[in-house]
Every structure is written in structure tokens, then in C-alpha cells.
Amino acid sequence: MIWLTQAATIARRELRGGLSGFRIFLACLALGVAAIAAVGSVRVSITAGLEREGSVILGGDAEVEFDYRAATPEERALLDAVGTVSQVYDFRSMAATGEGREADRALTQVKAVDDLYPLTGTLTLDPPIPVAQALADDGAIIHPVLADRLGLEIGDPIYLGTRALTLRALLTREPDAGSAGFGLGPRTIVSTAALEGSGLVSEGSLFEVKYRMLIPGATDEQLDALEVELETAFEGSGARWRDRRNGAPQVQRVVDRLGSFLVLVGLAGLAVGGVGVSAAVRSYLDRKTGVIATLKTLGAEGRVIFAAYLMQIGVLAALGIAIGLVLGTLIPITVGPLIEARLPVPVALGVHPGPLFEAALYGALTALIFTLWPLARTEQVRAASLFRDATGTSRVWPRRRYIVALAVAVVALVASSALLSGIPMLALYSAGGIAFALALLIGAAWGVRRLSRMLAGTKAVRGWPALRLALGSVGGPGGEATAVVLSLGLGLTVLAAVGQIDANMRAAIDRDLPEIAPSYFFVDIQPDQIEGFLDRVENDPAVSRVDTAPMLGGVVRSIAGTPASEFDHWVTRGDRRISFADTPGDGTRIVAGEFWPEDYTGDPQISFAREEAEELGVEIGDAVTMNVLGRDITGTVTNFREVDFSSGGIGFVIIFNTAALQGAPHTWLSTVYAEESAEAAILRDVAGDAPNITAIRVRDAIALVTEALGALAAATSWGAGATLLTGFIVLIGAAAAGERGRTFEASVLKTLGATRATILTSFALRSALLGAAAGVVAIVVGALAGWGILTFVMEAPYSFEWRSALLIVVGGALATLLAGLAFAWRPLAARPAGVLRAQD
Amino acid sequence: MVLSLTDVELSLQGNAGMVDILHGISLEVAKGDTLGLVGPSGSGKSSLLMLMGGLERATGGSVLALGNDLTTMDEDQLARFRRSHMGVVFQSFHLIPTMTALENVATPLELAGAADAFERAEAELDAVGLGHRTDHYPAQMSGGEQQRVALARAAAPRPDILLADEPTGNLDQATGAAIMDLLFDLRDRHGATLIMVTHSLDLAARCDRTIRLVDGRLDAETRNTPDLRVTDAATTGYAKVGE
Ligand SMILES: Nc1ncnc2c1ncn2[C@@H]1O[C@H](COP(=O)(O)OP(=O)(O)OP(=O)(O)O)[C@@H](O)[C@H]1O
Ligand SMILES: [Mg+2]
């Protein structure tokens, strides 16, 4: 092992030279590691916050939820036996400033609570009065956004359905907001008593009732046991269980997804950084060729040299990773409060070792992968190279053991990212994508160099010295072409992919949906209101189409004798909205069996949605038993319908014949397709005449989705931005490294009679050429990645978005141009004598 | 007069303040003349040559080349002036590494707007015995070959003035002599004015005049009579060297 000691000695002496040549190396590695560590830390902070505050977010240690009904006295008794129980109604409704057609109305998510609310956490109100005081005597608490929208102030009357309430306070912080997920309207909180006579939670209307339980000292095991116990007791009742460990499943899901996705983007950034690392190591070792050859002349073995330089790079990599980890820890702590303010859940800020380890691992592997190749070549440096010019060195393959080591490192990186990201398939595809992009970029760099070389030699460019010079330096030996094309190209590829996905999603929402989607969903129309409702909307010339359907809640009990609990499908889980009809209705296709005749009164029959029937294995002739408002009804499936849920219209999985549900309490659902200009008047009239009807404006819902997508796109853009920033650093590194060469060239050219304009043009052409090459590859790979993600992950149609693509090519060319020109000043300004004499 | 320098001063910013390099140099060079610059190392020979080529700006006095005052011209005017009137051969060649020999030689012709730049460049490389190496990059050529490419590049536009800094400095004797012949050939056939820095007494002896610099001042001037010139045909055939 004496050779290792020798290597260490050499390494130590070489490192005394300082870090000046390694700024880009350190920056690339630190930035990549910092981005991954920061994203991971934020994700873990949110998850930890969700865990720590689980019961506050849920509003209790556990919750049992019913759809469209409250618990029966027997059910309630079972719950009361468990612990302290608080009952919360949750539903959508319209909040109004008054009664009749003149009032302003807005959609709101209402929570009607009992005296115990909130069981956990505290509500923050403005003015700071106790909750009980705010809710007493028909008081209401609303979210400031709703107050703004309706122009309400404290003390003003506010109407829910037919009930007049008084606005007492604004809701500054709602501890259990996260458990509701992302709602369509701002929050209103009233007491359950205030709902009486509002006509809002009658039988058949859409609402949820939650029973939140405080179980002092309950362990997770006890909660598990309780879940099993209650699920058995409530079998077939449609009750759903949730406990403090899963307080905000929607938020958790979004955070997990986004976090994983951003880590993948971060890996792409690290790959870009790897290019910079590789370029830095290459140029360092190029400068060391003399030293290496001298050491060999003095008798140092190849492995000693390799180990000596590996140690140096290792020390530097450790430093870069350490800087990255510090940044990656500090960034979330500084921006954490900003993130917390935008999320309905608390964030546990702090140092989380998991993501830091993950980032360090990725950083170390990336550094190894991108430096092994040039390092391995040091073994091949022959003593004779002391006496030959360094440029145009022959390309030799490193020895096999280094290639094997390289392969192992690549596999380790891909495998660890697949395992640690939690989205293994996407991680594998991303790794493949990055590798493909890198390969394509290496090919492109090679191609651009070959092409430039060829063009430089053709007659076409003769007489255009600036162009020929640019082509010559792109294509000639020892250029910066490869590093620039690789780093910028990879950065732009990530940006292009994100751009393509974002543009496609937006286009899909902006363009496709509103054309076929209705203007309004009206829900909770009572049977005695449907006539007046239809009278109003069907006689409006601005309305092109009105669809209505009766609706009621039901729970699937069994299908063809098999209990619902044995299926794992959303249709058999909890309450389903079902309907009844005499005819299939316009635009519905019967794909198997036969729909019952119009005045059919025989045994109950069921029409099932084709896709769901296939998924559940339902066949024509199967008996399906449903519990509809406490009564079991068994029907025979006699036909399958093709239902398109994505078109935004009405679609039910299960439809009975009308006679089968005769007398069951129900409400009507209606979709109205109207011109945008007529929408406001329709809402005013419909809700003015029947205040219990809830109107969901599709345009608003779409705006919400667009906004959410915008936030996602913004988060992703930040990730892509970090990648691009790394690319830009590499670019600047390459430009700075090339500055000496350009200064020399400019001086020689001046001597030969070139003006500064000619020289500058040549530099600009060279940069633009490389930038454009990187941009074109970025578009090809970015479009492919965008297509892949949209088609296979998001299952959405893809179309090439040329505007985003064009921006990226132009941006790429500009970025290189800028970096190139930033380092053109000194070469242009230098007096030839100073430069050329120094070279003597 | 092709070149006339009057009271030229040159001070440069060194590490420890201003360094005075040239003091009150005045000299004139006539068309077709060959002038050798000799002197001890550090005496300012290269600096003077740079001044003559407009590659360095004098801090005092005037440098007139073909009647134009180089000290009042800006960088671009100087570049355009050199384009048509001056060729420079540097001691360490200074070929552009990303260009082939042919491209290096063609560049000044292209910059001067010559339509047949590449044809002329090829002929020029032929003339220095490198017709078979036009597509080679500088890194692929030996020192002597690079030196000859540099000479071809400087000579290709047929400059009125050719400035050469130790053109045979690190060449073996035979190659050095061949390069020298090329230079004098240029003078003889095209009437160019030659100014070269040299440590070689042989070369100095072949010049019409030699000027000796010591500590940035003109120390002595020698006029060589034509019959004193060393001409030894046996050692000067460059065709032999190029093989
Ligand atoms: N950029 C500079 N800044 C300060 N002093 C300089 C600079 N360049 C050269 N000098 C000094 O100017 C003096 C003249 O240099 P020059 O290169 O002209 O000498 P030289 O006669 O060509 O020498 P040699 O025969 O060794 O090539 C030297 O003392 C040198 O140290
Ligand atoms: Mg000199």
C-alpha cells in the first residue's frame, strides 16, 4: 500500500496550488446538490408537519364520514362510546348578500359545526372573538376572500339558502383546512342550529357529515383496532374512516408527487453540473500533463498518478457537496415561511438528514461518473508528451477496470434515484431520458464540429473570414464546443420538456374544455323546483342545451352475490350518486343489452357504465344490490352504456328504471350550456328564486384548476431554472476558459489586419452557432420527453408547442451569445503586442 | 521614406510602476532597405518592432509608416493599414491553432478582400515548400514548418514592410538559412522593406544596415557593403530542408 501513501503525498502537494481553477467545478456540484437537498428538505418538512400536526389537521384523532346523511342514533351511540365526538356538516352552497334576484351570490364551502368544534387546534378570527361567540345567534364566520367577493363587512347580513345570518368574523386560520383538500369555494362556518330551515341539508341533497373523535392517549395500534371494529360495525353503510396519520391525503399526495418530480429535475441539473465538473477536471488535467509526464519520468506508476488525482478531485468534490448541503439546508429554512403561507398545512422546518444524505449521494456519484473518464486517461499519459504539443492529443480508451467502475457508478446512481424518489418508473424513464439527451448532445456536438470543419473548408465561406474563423474554431481541435453544447443543451432540454408539458396542459384547458363543457352545474334542485328551473333556463335564447337528471345517494352492497368489500374499486367504495330514467337520453350509446321500455314497471333493472362494468367484471344478467337511503334494492343489469366522464356533462355509473326508485327522496342535477354573457343573469334568477340551489360555474372551476396547474408549473419552472442556471455556470466556465485562446486569436487577427468588428462578429457567430445547436437538440429531446410524459404519465393528448420551442432555441443562442460576449471584451481590448509578447 | 521614427518613447506599466523601455529613438528606413536590429536581451528590440507594426502604441514621439502617423490611428485603422501594407513574423510563429496551414495563410488575404485568397495562399505555401501540408493544423507541424507557414502568411499579401522578430531564433542552422533566403527573396522580387530582430551575426551581416540597441537607446549603426554579405549557396537551399 506504499503506492497509496505516495499518491496521497503527491495529492497534498498539488492541492497547495489553491482552488482557483476549480470555481466552476465547485459551483456546479454545489448548485446541483443544493437544489436536490432543498427540494427534499421542503418535502420532508411538509410531511413531518403533516405527521406532527395530524390530529389538528384532521380535526380529531379519528373521523368517520357519511355521505348525504347524518349518523343514525344507533351509529352515533357506537361513536360516542369511543370518545368525545364532534359533528361537522360539510357541503357546497351559495352565500348571498340578500334575498331575491337582486342579491349578489358566490359559491362557498360551508361547514356547520356543533359546540365542540374545533376538537383540536384553534381557529383564528378577525376580530379575535371566541368561536362560540361568533357562531351564537345565527352568526357566521367567512373567509376574507368571500367577504371581498360579496362586499360584506362585519355585522352585515349574509344568506345561506333561505336563512339570514349575521357576519361576525373573518377566518384568518382554519386548523383543519388541510383535511378538506382543495375546495371549489372559500370557507363559511356556521353552527348546525343555523342550518335549520335553510333547506340546504334535506334528504337527497349533497352533503357530508363528519364525526370527529378525540380519543385521549390512543396509540396507533389502538387506532388500527378501532378502524377494524368500526368498519365491521358500519359495513355497507357507506361510512368512511380516516385517522390522524392521514389527515390531509390530498396535500400529502401533491407534495409527494411534486417533490419526487422536482428531485428528478434536480438530477437533470446535477447531470448538467456533471458536464461542468468534467470540463473543469479535463482542463485541470490538461494543464497537469507536464507534471504527470515528469512524475512518470521520475518513476511514478500509472496507478499512483491515478490515485493522486482521484484523491484531489475527491477532496474538491467533498468540499463542493458540503457547500451544497449547507445551501440546501439554509434555503428551505429561509423560504419555508413563504411556502407555509401558501399551504393549508403546517411545515416542520429544520434539518432533515434523509434528503441531505440523498443529495450527497447523488452529488458524489455524479462527480465520480463525470471525472472517472478524464482521470483514467492520466494513466495513458506518456512521458514523451512532455515534448509534444498538448492540443490534439490522441483519444485513447481508458483501461477496462475504469470502464467497469464507471458503469457501476452509473447503475448505482440510477438505482438509488429510482429507489429514493418513490416513483421508480418515472425515475428510470428520466434517467433514460437524461442519458439519451446526453448521448444525442454528444452526437450533436460531434456533428456540429464535423459540419463546421467541413463548411470551413468549402468554397462557400471563402471571403467571409469572420464566418470561416467561427466555423474553424467550433470545428478545430481543442475547442469549447462539446462542453457548451452539452451543458446548455441539457439545461435547455429540461426547460423545453417542462415548457412543452406546461403549454400543452394550458392549451388543453384553455381551448378544448370550454367548447364542450357546460356553463353551470346546478345541484340540489328540489323536485318541486325543477319545473320553475326548467322554465327559466329552457326559454332563454342564450341557452343552447339543458340536461337534467334526478340524483340520489346509494351504496353498492353486492354484485352477482359478491359483497362490495371484496372489490377494490371506487364504485364499490362509499356512497355513489345514482340516477333513474325512462330513456337512455340524448347522446348516450347502449353498447350491450337493451334499455328498458319507457313505461316499464316490472322488476328493477340497471343500466351500467361500460368501462366500470368491465373493470368490476359485471356481466349482463348480474344482480346488483344497493342500499338507497336505508332500503336495499336489487336490480338486474340489462345493458351497458358508453359514458364519457371527461366531457364535463352528466354521467352516472348506475341508472335504475324510474319505477324501481319510486318515492325515494331525490334532488335534480342540471347542466346548462349558455353563452358567457348570459351566465350572470341565469345565476341571479335561478338562485334568487330557489336559494337552496347550488350553482357551480364551470369557468370558475376551470380557473381554479388552471391556477393550481400554474402553481405546479411555477414550482417546476424553478427546478428547471436551477438546471438552467447550472448550465449557464458551465457555459460561463467554458467561455472564461476560452478567453485566453480568444485573446490570443484576436491579437493575431488584428496583426493580420482584422478590425474589431470582424473579430466580434466571428466570436458572436461562434457562440450563436453552438447555442443554436444546443437549442435544436433541446427541442427534439424536450418534445420527446414532453410527449412521453403527457402520453404515458398524464394520459393527455400531445401537440408540439412551437412557440415555447422557438423561445428556447432563441434563448439558448442568446445565452451563449451573452456568455461569449461577456468574455469578448478583454480579447478585443487587448493590445496585440502585450499578448503576443507574453506568449514568447 | 517607408518608415520614419522621431524621438520615440515607450513606457509600460510593469509590476512595480512604469518601466521606461525605449528612449528617444529616431531612425529612417528607405524603400527596399533591409534593417537588422541587434542588441542584448531586454534592450527593447522586440518592443521597437512592435511599435513599427502599430502593435504597440508609442508613449512619445511619432512613428510614420508610408506617410501615416501610427501613433494617432485607432485599433481598427491600424488593422486596416496592416492589412494592405505590413506583414509580421513573430518569433514563436503565432499561428491560429484552430486553422489549417492553408486557412492561416489565406486569412490576411481574405481580410484584405482578395477574391482568390485560397489560390494565392496555396501558391504561397508551395513557395515555402509546404504545398503538401496545407490541411495540417499547427499542432501537427514541426517548429520549422510552423515558422515557414508564418512567413507565408506574412508574405502572402505582398506587404510593403515585413517585420520579423528573430525569424531564425530557434531553428537549426540549415532551416534558419532557408528561412532567411525566403525573406531576402521577398525583398528582391517584390521590393519589400525588411526589418528584422536577430541575434545571428550571419543574418545581421546580410542586412543593408544593422542598428544596435542598448538599454532602449540607439547605440550604434553599421552599414554593410554588398560584398561583405555572406552568401553560401551550399547551406541555403530550403528545398533540401523541406524534404
Ligand atoms: N508588458 C511589459 N511591461 C513592462 N515591461 C516590459 C513589458 N514587456 C517587456 N518589458 C520590458 O521591456 C524591456 C524590453 O523588452 P523587449 O522584449 O523589447 O526586449 P528584447 O530586446 O526583445 O529582448 P530579447 O532579446 O530577450 O527578446 C525588457 O526589459 C522587458 O522586461
Ligand atoms: Mg525580443
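A salt bridge is a side-chain nitrogen of Lys or Arg within 4 Å of a carboxyl oxygen of Asp or Glu. B:Asp219 and B:Arg212 form such a bridge, their closest N and O atoms being 3.6 Å apart. This is a predicted model, in which local features need pLDDT of at least 70 and side-chain atom pairs count only at pLDDT 80 or more, while totals for chains, interfaces and linings use all residues. Residues are numbered from 1 along each chain as its sequence is written, chains are lettered from A in the order in which they are written, and side-chain values use heavy atoms, without hydrogens and water.

Over all chains there are 42 salt bridges. In chain B, B:Glu124 and B:Arg158 meet at 3.1 Å, N to O. B:Glu124 lies in helix α4 (residues 117-127) and B:Arg158 in the loop between α5 (143-155) and β7 (161-165), so the pair ties together parts that are 34 residues apart in sequence. Helices (H or I, at least four residues) and strands (E, at least two) are DSSP runs, numbered from the N terminus. B:Glu124 is buried at 10% relative accessible area, whereas B:Arg158 is partly exposed at 34%; buried means under 20%, exposed over 50%, and partly exposed in between (1.4 Å probe, protein chains only).

Rings of Phe, Tyr and Trp (its six-membered ring) pair if their centres lie within 6.5 Å, with planes under 30 degrees apart counted as stacked, over 60 as edge-to-face and the rest as tilted. A:Phe22 and A:Phe25 are edge-to-face, 5.5 Å centre to centre with 85 degrees between the planes. A:Phe22 is buried at 3% relative accessibility, and A:Phe25 is buried at 0%.
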